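Me: I would like to go through some of the labels used for this protein and see what each one rests on. Please show the model.

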Amino acid sequence: MVDNSTSKAPKNQAFLKQMDQQRLNKLCNRVIDLRGKVAGECQAYSFGGKTHYLDDRGYLIAKQLLDRFNGSYTVGVYEALLKALKKLSATTQVTNKTATKAILTSDKEHVQLIAFDSQLQRKEPRISFSTPVDIHIADVLYHAATIDITTSSIRLSLKRAYTLEQGDMVAVSLPELSATLSKVAYKIIKITHDDLHSYLILARNRQDDHKVTNWFDRWSQQHNTPEHLDLDNELFNLASVFYLRLYCQAFTSSFFWLNSNDSTNTLQTCHMTAMANESLQVLRQDDGAFDLSLLPLHQVLKQQSAQLVLITQQAEQLTSTAASCNNAPAVAALLSWHSQQQDSQVLLLQATELQTDIQSFASEIAVIAKHNSDDAQAFQQCLTNITTLITVNNITSSCQHLQQPIKADRPEKTEFSPVINAVKPTNLQHNTDRENQRFFIKTEVTVNFNNQQFTITTNDVSESGLALSLTGNIDIQQGARLFIEFVRWQTLTKEVKLHNVPYIVRNSHFWDGETHLGLQRDSRACARSINKFFTTAIELNKEQLVENNTHIAISQQSQVFASLLSAQLTAIPLYFGMDKENKRILQAVATTDGNLALTKHDLWLSLQGSITAIAELIKPLADNSESYISFGLYCYQDNNGRWHINSEHDFNNAVQKSLFINQALLHQHHHFFHCSISALSLNAMAEEVDLVQQLAQLRNHSQHKVKQIREVLTKLFAVGELTDITALLTAVYR
């Protein structure tokens with residue numbers, strides 16, 4: 001006998017499924033109202049002949065479901081939407097806003113990150129101001145309110161938004177500010193959430209709409225007062241500028257700014273510190289200039305790719321050989337030959353293309369023009385001409401103990417042409433405020449130093465100092481004392497004796513066959529009558545004298561080039577300091593888009609374990625802020641997530657280094673760096689007088705935070721610079 005109940009079961013299930021499908025396909029008359037039920041802002045949307053109130057997430061889900069049901073608002077759409085929202089509500093993870101922190105951190109558990117490539121944006125005042133904002137993306141509208149505003153960015157808050165993401169392009173309107181600000185294009189560069197709200201940072205390109213930019217610039221200036229400024233932001237911005245200035249005091253790279261469109265005056269300007277100058281001594285000629293014919297600058301310009309250069313001595317003559325860093329066999333051959341030489345030097349040249357927005361530096365150019373319009377015009381033309389920044393690093397100290405074949409072939413000598421024009425290198429001098437005005441005074445003097453005597457004419461003179469140039473490469477160090485006799489002026493007065501007047505050397509550099517000196521009179525060692533003579537002589541003749549204001553142009557130009565440099569750096573600046581317990585730490589790392597330091601946070605925390613050993617290497621530099629050390633730094637992360645870090649000083653021979661590097665190459669995450677470190681002088685922060693004054697002005701508004709910033713910055717004792725050489729060493733060991 002057959003059990004009919006068993007055969008009927010599948011039929012019943014099919015019947016019930018068909019009935020349920022018919023139910024789901026029926027048009028729905030229910031209204032969906034999420035107001036008060038979700039954290040996000042609910043807007044009115046019409047579909048199925050009804051008006052529904054949905055947040056952004058609910059609306060996008062509804063759109064997808066309506067498409068699935070051929071545009072009809074059915075029971076299936078209604079039930080699926082509620083089910084999806086319930087599921088998402090249960091699984092949504094919330095990112096809470098971070099608690100208020102100190103402006104700067106100074107402990108080994110939190111390495112401070114300084115975004116160097118935001119320097120240009122930081123020039124804009126950030127105004128704390130609340131006003132309604134409409135945000136449009138596709139057919140969704142969000143209502144928000146601003147927290148603060150700059151010309152290039154807006155920070156705002158809105159009810160919890162679920163579908164906005166970092167990188168989204170949105171159209172923004174600020175109806176209560178101006179009709180000009182209607183559907184302005186912005187990009188979401190950061191988004192965070194708490195339980196009820198979302199917080200966005202939007203950024204725009206200043207060049208996209210000059211009318212909008214000009215409106216914001218004018219509005220920002222009108223509201224640039226303490227009550228409207230975001231003081232925490234102002235303090236952090238000011239601290240960031242301090243970090244940039246300290247880097248500019250201590251970098252060991254050399255920076256060449258070039259015009260690829262001019263074969264005659266290709267090199268526009270060049271920046272070096274004393275440490276960078278020392279690193280390129282191999283290129284020095286007898287007249288103090290650098291032999292740039294040994295560098296493939298034109299080749300780097302043309303190919304826009306990094307080049308490795310080997311400088312060797314052959315038959316009492318320097319020769320150079322270059323290899324493209326993209327050519328691994330050529331790099332391996334060049335470094336293998338270097339390993340078998342005694343005194344060869346390895347230089348790394350890297351290129352970055354530039355497009356300078358002159359308008360961003362209008363204020364600096366205006367300051368120069370106020371004193372000399374010709375200088376301002378020449379500087380503006382220089383900025384317009386620059387197309388490429390080439391960075392030169394001497395990485396010889398990181399190319400020791402390399403794995404090498406039994407015998408390496410001598411690379412062929414490379415001729416680089418055409419010869420590039422020479423430009424006198426300068427350092428970046430942001431703060432050049434002078435105690436006394438200098439004047440272009442040419443007067444005959446006799447200089448006495450170490451039993452040597454020079455009779456020359458001064459370049460300029462002030463109440464307390466003077467500048468002059470001596471023929472030849474004279475070994476006169478900063479801080480040395482010399483004595484000057486004012487030959488001509490002595491014939492004009494019998495009231496004082498103007499011979500053997502003591503001066504202290506404040507700066508000295510050799511270029512184009514001359515030693516250029518900046519001198520300050522040792523007024524404490526002079527009779528009162530001598531000090532009074534210089535003060536009176538300048539004051540009585542001031543109307544006839546021509547002021548030397550080159551320091552103003554130098555200061556403004558330095559600020560511009562430092563801003564450009566901060567946005568283009570591929571090296572990673574490191575800052576070494578002391579924590580609250582006076583233990584040495586890696587206090588801060590500067591990030592740019594080009595150096596990728598932001599992606600290596602775990603590495604920076606792990607590097608804290610090596611700071612004590614690194615600090616021991618720096619000790620010999622404590623008494624000389626114009627010297628540096630350099631070495632290789634090798635890192636890899638094992639399968640357990642632990643970083644292994646060794647420096648060049650941890651290897652006794654090539655075998656040990658090869659074992660470590662080969663082990664590193666077996667792991668996915670590995671980095672090899674050339675590391676250079678320069679000691680900071682005890683008054684490195686105080687030397688930036690203009691920034692110290694700005695910080696003091698903000699003290700009345702936030703005394704505790706200003707004090708904390710000063711404590712962190714004054715405890716910095718060295719600045720480092722990491723240059724990535726991973727690809728170069730990988731070419732040798734693979």
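Reply: Helices H6 and H18 are roughly antiparallel to each other. This is a predicted model, where local features need pLDDT of at least 70, side-chain atom pairs count only at pLDDT 80 or more, and totals for chains, interfaces and linings use all residues. Residues are numbered from 1 along each chain as its sequence is written, and side-chain values use heavy atoms, with hydrogens and water left out.

Me: Why are H6 and H18 called roughly antiparallel?

Reply: The axes of H6 (residues 231–250) and H18 (residues 689–697) cross at roughly 165° and come within 11 Å. Angles under 35 degrees count as roughly parallel, over 145 as roughly antiparallel, 65 to 115 as roughly perpendicular and the rest as oblique, so H6 and H18 are roughly antiparallel. Their crossing is left-handed.

Me: What makes H6 and H18 a contact, and which residues meet?

Reply: Contact means heavy atoms within 4.5 Å. Leu235, Leu238, Val241, Phe242 and Arg245 in H6 meet Asp690, Leu691, Val692, Gln694 and Leu695 in H18. The residues of this contact divide into seven nonpolar, one polar and two charged.

Me: How do you know that S8 and S9 pair?

Reply: Two strands pair if DSSP finds at least two bridges between them. S8 (residues 169–173) and S9 (residues 184–193) have four bridges, in the antiparallel sense, so they count as paired. Met169 stands opposite Lys187 in S9.

Me: What joins S9 to S10?

Reply: A hairpin through three residues joins S9 to S10. S9 and S10 (residues 197–203) pair in the antiparallel sense over six bridges, and Lys190 has Ile201 in S10 as its bridge partner.

Notes:
Helices (H or I, at least four residues) and strands (E, at least two) are DSSP runs, numbered from the N terminus. Axes are lines fitted to C-alpha atoms, for helices over the stretch in contact, and angles run from 0 to 180 degrees between N-to-C directions. A crossing is left-handed if the near helix is turned anticlockwise from the far one by less than a right angle, and right-handed if clockwise. Ala, Val, Leu, Ile, Met, Phe, Trp, Tyr, Cys and Pro count as nonpolar, Asp, Glu, Lys and Arg as charged, and the others, Gly among them, as polar.
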